[in-house]
Protein chains: 2
Amino acid sequence: MKNPLPHWLPILRWAPQYRAEHLAADGVAAAVVTLMLIPQSLAYALLAGMPAQTGLYASMLPLVAYAIFGTSNTLAVGPAAITSIMTASALGTMALAGSVGYVAAVALLTLMSGIMLFLMGALRLGVIANFLSHPVISGFVSASGLLIAASQLKHLLGIPLQGQTLPQLATSLGQHIGQWQGPAAAIGLLTLVFLVWARHSFKPRLRALGLRPMAADVIAKAAPVLALAVATLIAWGLRLEDGGLRVVGAVPGGLPPLTLPTLNTNLWPQVQQLATAALLISLVGFVESVSLGQSLAAKRRERIEPDAELRGLGAANIAAGLTGGFPVTGGFSRSVVNFDAGARTPAAGIYTAIGLLLAALLLTPALYHLPQTALAATIVASVLTLVDVHAFGRTWRYARTDFTALALTFVLTLTVGIEAGLMAGVGVSLLLHLWRTSRPHIATVGRVPGTEHYRNVLRHTVETHPGVLGLRVDESLYFANARPLEDHIAAEVAAHPDIEHVVLQCSAVNAIDASALESLEAITLRLKDAGVKLHLSEVKGPVMDRLERSDFLQHLTGRVFLTHHQAVTALTQPPH
Amino acid sequence: MKNPLPHWLPILRWAPQYRAEHLAADGVAAAVVTLMLIPQSLAYALLAGMPAQTGLYASMLPLVAYAIFGTSNTLAVGPAAITSIMTASALGTMALAGSVGYVAAVALLTLMSGIMLFLMGALRLGVIANFLSHPVISGFVSASGLLIAASQLKHLLGIPLQGQTLPQLATSLGQHIGQWQGPAAAIGLLTLVFLVWARHSFKPRLRALGLRPMAADVIAKAAPVLALAVATLIAWGLRLEDGGLRVVGAVPGGLPPLTLPTLNTNLWPQVQQLATAALLISLVGFVESVSLGQSLAAKRRERIEPDAELRGLGAANIAAGLTGGFPVTGGFSRSVVNFDAGARTPAAGIYTAIGLLLAALLLTPALYHLPQTALAATIVASVLTLVDVHAFGRTWRYARTDFTALALTFVLTLTVGIEAGLMAGVGVSLLLHLWRTSRPHIATVGRVPGTEHYRNVLRHTVETHPGVLGLRVDESLYFANARPLEDHIAAEVAAHPDIEHVVLQCSAVNAIDASALESLEAITLRLKDAGVKLHLSEVKGPVMDRLERSDFLQHLTGRVFLTHHQAVTALTQPPH
């Protein structure tokens, strides 16, 4: 038997072959990612309603856990915008943001999400994530981006702001807009403008100033760190916090604490309350992470394993839950930077964790004067890229059903809430899918003159015979569309008294379930009573295998033909 | 504009052409059906927990309403076994069977079911009924048949018996079996034996005694009426009710009362409590009725309209709800008899209603001494035919997923309850369907030597080229299976470094939703990054129309070929 350890611990596949050249490549990539992750981890902690240091905690052990269990060489795991606001939303009604109860509840939520992900991976249940369709994810992410940006107005303007939905936030903004703080607004908006400018124009400008490409690249990626450093210096130099500017304040430095859920009578009710949110955070985090990891791996003709990714993300979140963090997943911008900077193995994640550990040990005193408005600006700059306006028009043009799912998810996420929007989207996309397949396209087909091809009589000029009705069903036959087929055939035969043979062309029928089989038997019997024979053509191998296990073929009044042309030729031959 | 009245009132289509020969045919059929319906209507009232006369009420105006709105010439509407036990089950926890509150609640349930059916018909929502798959219906009907038979042991043995599920009934039976009543058991079992014998052997025996075929046929169909008459005479002659034999007792004769729901503060909570049951009764009644009506119509190359059937059944149930009845639907045995006896138009139902009216006016004194155990025997004799033992083996051999839905519905209906079993069955069959389509069959295809056909390399000896990977996806592409396709192609390309072209054969792809489109775009980009081109072949017209509305074809690195053979020929030609 094959050694099962490398299956469960993918680190054993690459660590034995780890060489110095890997160390160099991974080290450089880790250094750049660390520069990005320090401000992001603090900002997403703020977004999740958690103390700033928990962002650092969430960026240490979880990265090591992913490096042991994950299979992507380039995915940069850590705090991310969507999972952070989902965390804040899940806890919104349970405890006050930032309080001890809140921190403990987030740790429990994170641990639960980690265990769910790990179990889904172990049980190969990653397929569940497929039920989050692209339009639902797209509508959800766009709406979440807007909600995140709206929620940060609190810090950007230095005003109190309450609410979890856009209408609530807008109402609260209307009440408090008069209290806006000049220093907070000035620092926040300047930081935001700089970051938006820096995204595309910083690197070319640095190059124009004569920096070498490599140096220009690293400095451009450190733009948020630079912006925060400058903002901190200004706030400190001008003593703006004395005038009411809110800063991060005292951040406990050092190693993350080991935290276990308190085993008391409140635990089980809390677990029940958080279960749905934990599942949704798990699924959204996994979908975002696995599609990102797959895209990056394919560029180098590498592969990731979805089930191992579930276990990797699960281990990362279990680590986050046990060390005072909050939910983590693969971050888009950091992963792309990690890939571009040349990360070769998951070890780059371990080196990033060491970078964050050094930051936690050395940098925390410097964070005291960091203005919250500047952190909020880095969040807004990054989440505005999540809002995909083009998806609306593109999806509308492509398919109304998909647009319905997208628009509904978008609107409900903004107006009712994060979880309600996502769940309604999933439900609606399932119903729309069933609705579509329950109304199959059934074409009456005729022969394209001079060929053996049979096409839709409504789209093509074709030859037909009055005694033979050829029908092509463009859908697998199952319970939801079996009866409409009965109705369709009954109507056709009642309308055309000359018909003696009905031939079902089954080239697009990928499956026939037991309900459809009963319908086919009913159709056969009814046609028989009306003096009409039923034939099949172009039945696929797997479908035929199954039909042979029933007694349908014994009851069939007609024959099963290999091709539709053979059927029509045989049935229209003059008797001799 | 076409006159819309005949659409809404199908009676206007046939009544103007009504002739004397129709009257004769419909009259004979109605006479035979009346003979069957009198005992059935009393027995199903008992089963529904309603006073005996309500069975007669449910067999008058509802039949007239169906004749006005329905489209089947042969369907015999009235009380039926399954809808009756569903009624008893729905009310089980709300009020005491037979009490005034119970009768009013059943009238409300019936009215609600009628309104739901009528609205579904008016809004063309009959498609909802398709989600009751054949295995779910089969498991549900078999389990209901057993539950009905078990519940009748109460009357057959003359013992108290409580419970709505098989375990509850068995426990209750164990407690009370010692109290069984000799007269009730004797009359009940003799009636049952006679009815089971009569089903197949009464008519041949009457013929052997010298009766003409027609007379033998009518007498054989009146077997339940004869049995009840004899049982009544015996009970009356031997004064068995003095010894404790339970009889029907005083039945108010005459016309049904007009009953409207009482408009008080209890109405809305009652409506909410009954809504699910009303919907389930509507769906089950409609599915049974429409498949029966369709089978009978097809035998004469006639047609029924499913939406008109919904309105017809809706009108019938509204009539039942307003005249003190309980839910009605098309009855299987009566409809077949109606058909065989030669009913030509829905007027046969009106004549049957007149027959029942005469029975209500003249027969009720005679019903006083009718033993309940004999009525229970007619129920048991008829419901045992509902239990379809063969469906289990047949479905198991055909498809495990369908068997799972059938077995689960059967077991849960017996052990948890009528409604829970049916709903669990619907939910499970939807999930199993999604699960099946989320794991599509993807075949690597090669050329069958000497032909232009491409088949699965695992099933056939075919020719392949190392540089060209031909894949046939046997499923429409939608969100649930889009990502597995990405995984499959990524794995194939990672495993075969020689591949330069991937050709997707789309002959079985009936639709591509927005999620699958994004996946195809991701696949295209990833293959491009790996130096591989993606091509499509045999894309269907409607799918191609839609792709042309997106920008996918501009991004496609390869081409769209009319046939798979053209693709492989073009891609394997030596450059020149």
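This is a predicted model: local features need pLDDT of at least 70, side-chain atom pairs count only at pLDDT 80 or more; totals for chains, interfaces and linings use all residues.
Residues are numbered from 1 along each chain as its sequence is written, and chains are lettered from A in the order in which they are written. Local features need pLDDT of at least 70, side-chain atom pairs count only at pLDDT 80 or more, totals for chains, interfaces and linings use all residues, and side-chain values use heavy atoms, without hydrogens and water.

Start with chain A. It has 26 helices and eight strands (DSSP runs: H or I of at least four residues for helices, E of at least two for strands, numbered from the N terminus). Its C-alpha trace spans about 105 × 65 × 60 Å along the principal axes. Of its 576 residues, 55% are buried (under 20% relative accessible area; exposed is over 50%, partly exposed in between, with a 1.4 Å probe and protein chains only).

Now find the loop between helix H7 (100-122) and helix H8 (134-157) of chain A, where Leu123(A) sits. Leu123(A) counts as exposed because its relative accessibility is 55%.

Move on to residues 458-571 of chain A. UniProt, in an unreviewed entry, places the feature "domain: STAS" there; such annotations may be inferred rather than shown by experiment. This stretch is 46% helix and 16% strand. Its end C-alpha atoms are 23 Å apart.

Finally, turn to chain B. The contact (heavy atoms within 4.5 Å) takes 72 residues from chain A and 72 residues from chain B. Four salt bridges cross the interface (a side-chain nitrogen of Lys or Arg within 4 Å of a carboxyl oxygen of Asp or Glu). Lys540(B) forms a salt bridge with Asp474(A), with the closest N and O atoms 3.2 Å apart.
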